[in-house]
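Good morning. I will walk through one structure today, starting with chain A and ending with the cores of chain B. Please have a look at it first.

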Amino acid sequence: MENLSLIVNGEKIEAKISPETTLHTFLHDTLGLTGSKEGCGEGLCGCCTVRVDGKAVKSCIILALQVEGKSVQTIEGLADGETLDPVQEAFLDHGAFQCGYCTPGMIMASKAFLDEASKPSEKDVRHALSGNLCRCTGYHKIIKATLSVDQK
Amino acid sequence: MDNFKYFRASDVKEACSLLSRYGEEAKILSGGQSLVSMMKQRFIMPSYIIDVKGISELDYIRLVDDGGLEIGAMTTHRSLEKSAVIRENFSMLSNMELTLASMAVRNWGTVGGSLCSADPASDLAPSLIALGAQVTLSSENGERVVLLEDFIVDSFETILKENELLTQIQVPGKAALGCGIHTKFARRAHDLGIASVATHLILDKSDRDICNHIRIVLGAVDPFPQRYKRAEGLIRENKINEALIEEAARAVFEDCNPTTDINGTEEYKREIARVLVIRTVKEAIARARSV
């Protein structure tokens, strides 16, 4: 077992973990933050997307020990109490989901992208979200929702 | 994933010392965007993991005096994509990065890790080979510098020794004088390519219909990235016209060695490669003439 110390959604966490624990397993199973999903488990579908030091990453193909000392944000850490993040509001306003399985990853990728982008075009949004698969919506509402955040 | 002993190296010296001790049974972990997935599927089951991702002294992009580049092995794909220096001098690399996997993979995956994993469908390796890049391999015994085209020797195989760490990539200044185009054919824009081509060329200063230097490199088609020297030789120092480009592309069609798999038949891949060679050569020439 190895020591792991990191910040998750603003809270300092100390844990002892087995080295093969992925970041996703640690967040989901150890900390009970079940928002992010392990879809493909190979870094292709994006359902496990969380942010490490602000950047979107695929938590299923990162060892938890690799984020030692870093700050992780999951979908659970996005809202401020009862107040949803503008990206979450936009997804609600546009009905940008059906089954919801991809939504936590989609919102975290969208959020990370919007924090970096200035005046993104639809093409930019499609490009940024290409690593997040949705098998229900056909993406249109997700893209519209993401674009609408910037226009507000 | 099977259990392993984990070491976090804080600098190159520590990584090399760990490698000389555990190298035989160890795997070097950088971003792990290929390795962790392979370990989960038990394709690779190392007893020791030496994590080098946190080695900050290997995270840099530097323009050197001759106009070339030095890239630290732990530089992420995203840093390469966003680097103004690279966009200005080696736009092929910036454009290639935009279609390399997804934003989240580029945020965590490193260029050194990508080259060492030696995936046949890598986009990074063909582009860097087209630019004539070299890599520096470090160990406790010192350093050696090898051409990237000699570094990758088979599908998922490199000449990296058990005690060595890839620490730097060098792009020669001469490459900045030319223009390069990378393009790939894939099911979805950011998938691994079914075929990809990186072409880099330098036009003659006085005669813009002659190209003095050209490299044509294919990815995903062969077991590892390959230069197509017969095609390069057909174009080099000859009057460039439509027929010559077609002839060179035909040479690539004949010389390449694809296999039939889930992505397409052997002949299909040859044809895709041929078409991509025509496109990249034409586009590189047009770009070179416009500057």
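Helices here are DSSP runs of at least four residues, numbered from the N terminus. With that in hand, find Phe97(A): this residue lies in the loop between helix H2 (86-94) and helix H3 (103-116) of chain A. Keep in mind that this is a predicted model.

Together with Leu84(A) and Leu92(A), Phe97(A) forms a nonpolar patch on the surface, with about 230 Å² of accessible area for the three together.

Now the layout of chain A. The chain is divided into domain 1, residues 2-74, and domain 2, residues 86-148. Their centres, taken over C-alpha atoms, are 21 Å apart. In the contact between them, 17 residues of domain 1 of chain A meet 12 residues of domain 2 of chain A.

Next, Ile13(A), which is in strand E2 (residues 11-17) of chain A. Ile13(A) counts as buried because its relative accessible area is 13%. Its contacts beyond four places in sequence include Leu4(A), Phe26(A) and Leu31(A).

Compare a pair in chain B: the side chains of Asp209(B) and Arg289(B) meet in a salt bridge at 2.7 Å, N to O. Asp209(B) is in the loop between strand E12 (195-203) and strand E13 (211-219), and Arg289(B) is in helix H12 (residues 266-290), so this pair ties together parts that are 80 residues apart in sequence. There is also a salt-bridge network that links Glu116(A) with Arg78(B), Glu81(B), Lys82(B) and Arg106(B).

Last, the cores. The largest nonpolar core has 48 residues, and Leu115(B), Leu128(B), Val135(B) and Ile169(B) have the most contacts inside it. H1(B) gives the largest share of this core, 6 residues. Leu115(B) touches residues including Leu124(B), Phe151(B) and Leu166(B). A second, separate core of 31 residues includes Cys179(B), Ile216(B), Leu244(B) and Val252(B).

Definitions and conventions:
Residues are numbered from 1 along each chain as its sequence is written. Chains are lettered from A and ligands numbered from 1 in the order in which they are written. This is a predicted model: local features need pLDDT of at least 70, side-chain atom pairs count only at pLDDT 80 or more; totals for chains, interfaces and linings use all residues. Side-chain values use heavy atoms; hydrogens and water are left out. A nonpolar core is a set of buried Ala, Val, Leu, Ile, Met, Phe, Trp, Tyr and Cys residues joined through side-chain atoms within 4.5 Å. Buried means under 20% relative accessible area, exposed over 50%, partly exposed in between (1.4 Å probe, protein chains only). Helices (H or I, at least four residues) and strands (E, at least two) are DSSP runs, numbered from the N terminus. Contact means heavy atoms within 4.5 Å. Patches are made of residues with over 30% relative accessible area and no salt bridge: like charges are joined within 9 Å, nonpolar side chains (Val, Leu, Ile, Met, Phe, Trp, Tyr) within 5 Å. Accessible areas come from the Shrake-Rupley method with a 1.4 Å probe; for residues, only the protein chains shown count as cover. A salt bridge is a side-chain nitrogen of Lys or Arg within 4 Å of a carboxyl oxygen of Asp or Glu. Domain bounds come from an automatic or database domain assignment.
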